[in-house]
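Visitor: I have some questions about how this one is put together. Please take me through them one by one.

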Amino acid sequence: MGLLEMEGLTKRFSGLTAVDDVDLTVERGETKAIIGPNGAGKSTTINLITGLLEPTAGHVYYDPPDEAAADIHELRTISDEERSADQQQRLDELRSEYSITGLEPHEVVQTGISKSFQTASIFPGMTARENVQMAALATEHGSFKLNFLRRQSSFDAVDEIATEMLEAVDLLRDAGEEAASLPYGDKRRLEIAIALASEPDLLFMDEPTAGMSPEETQATVDLVERLQQELGLTIVLVEHDMEIIFSIADSIAVLNRGAIIADGTPDEVEGDTDVQEAYLGGVEL
Ligand SMILES: Nc1ncnc2c1ncn2[C@@H]1O[C@H](COP(=O)(O)OP(=O)(O)OP(=O)(O)O)[C@@H](O)[C@H]1O
């Protein structure tokens, strides 16, 4: 069942509707790609989920039990005007229990959602290991207490996480290197390790292969597949490279002018005429 459920998610910037009434499910354990032309609303959608932006309307539910997810699915097909009092009451209950809408970004991270930012989250003067330790510390101790024993045991836990995540992205060998001195592809992998330091269930990746060489791109594709299989991560990926999308995504949602125009397996999306016309201007995928 859905790990993440979006219901009527909407964001308006003055006159412009950047995200328009989006209903979308991300299944637990899948790699889901969100694609669409420039300005389609992909980044805005992710920012609404990760707490960087507040929606104008709609909700995001995180990890609802199966029964609740089934109710969300059913209720989101009924418009506000057509909903009965009982249905509205159930929706209010679901919102108060499972909605993450309105949480601050650090609170969203604590629920189990993380985002890999393009190198922006790296402290260049620190080593790769220190960067991941910092990220692990930041999630574990929003309010850090100055108690020596506690600090010692915290540090051990944090260092263990750093080792595990550097290993997961194949950077353990370079753990002692200053981040600034790492090649571009390694910096991007470090950024993924930083995002993993909060031990998320769900990882957002924004164009993980942008600017990479073919070898680095292949290594990243392998890494994404490994993270999904070995760490059991659910991955949501915004990516422009169609070859990558079709090789690693279990499902693809297509956004156009803020609205979902297709959502399905790569085969279903590839054969969708709306997608070909609206998104690719009739060019075959
Ligand atoms: N803070 C903002 N204020 C006003 N308009 C915005 C803001 N952020 C995004 N927009 C507009 O919302 C629309 C959707 O932008 P968004 O960045 O989400 O698209 P995108 O699909 O991620 O595009 P790209 O592939 O180019 O990154 C665009 O028209 C954009 O100009």
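Visitor: Which residues does Val 60 touch, not counting residues up to four places away in sequence?

Guide: Heads-up: this is a predicted model, where local features need pLDDT of at least 70, side-chain atom pairs count only at pLDDT 80 or more, and totals for chains, interfaces and linings use all residues. Residues are numbered from 1 along each chain as its sequence is written. Contact means that two C-beta atoms, placed from the backbone, lie within 7 Å. With residues up to four places away in sequence left out, Val 60 touches Leu 4, Met 6, Leu 9, Leu 48, Ile 49, Ser 99, Ile 100 and Thr 101.

Visitor: Is Val 60 buried or exposed?

Guide: Val 60 sits in strand E4 (residues 57-62); helices (H or I, at least four residues) and strands (E, at least two) are DSSP runs, numbered from the N terminus. A residue is buried with 20 or more other C-beta atoms within 10 Å of its own, exposed with 12 or fewer, and partly exposed in between, C-beta atoms being placed from the backbone. Val 60 has 25 other C-beta atoms within 10 Å, so Val 60 is buried.

Visitor: In E4, which residue is the bridge partner of Glu 7?

Guide: Strand E1 (residues 2-13) and E4 pair in the antiparallel sense over five bridges. Across in E4, the partner of Glu 7 is His 59.

Visitor: What is the order of the six strands in the open sheet with mixed pairing?

Guide: Strand E5 (113-116) and strand E9 (259-264) are edge strands with a single partner each, so one side of each lacks a neighbour in the sheet. Six strands take part, and the order is E5-E6-E7-E3-E8-E9.

Visitor: Which residue in E6 stands opposite Ser 116?

Guide: E5 and strand E6 (residues 202-206) run parallel, joined over four bridges. Both faces of E5 are covered, with Ile 113 and Lys 115 buried on one side and Ser 114 and Ser 116 buried on the other. In E6, the partner of Ile 113 is Leu 202, and opposite Ser 116 stands Met 205.

Visitor: Which residue in E9 is the bridge partner of Val 254?

Guide: Five of the six residues of E8 are buried, and E3 pairs with E8 in the parallel sense over four bridges. Val 254 in E8 is the bridge partner of Ile 35. E8 also runs antiparallel to E9, with five bridges joining them. In E9, the partner of Val 254 is Ala 262.

Visitor: What is the phi of Arg 257 in the turn of the hairpin?

Guide: The hairpin is formed by E8 and E9, with two residues between them. Arg 257 has a positive phi of about 50°.

Visitor: Is Glu 199 buried or partly exposed?

Guide: Glu 199 also has a positive phi of about 50° although it is not a glycine, and lies in the loop between H7 and E6. With 15 other C-beta atoms within 10 Å, Glu 199 is partly exposed.

Note on methods. Two strands pair if DSSP finds at least two bridges between them.
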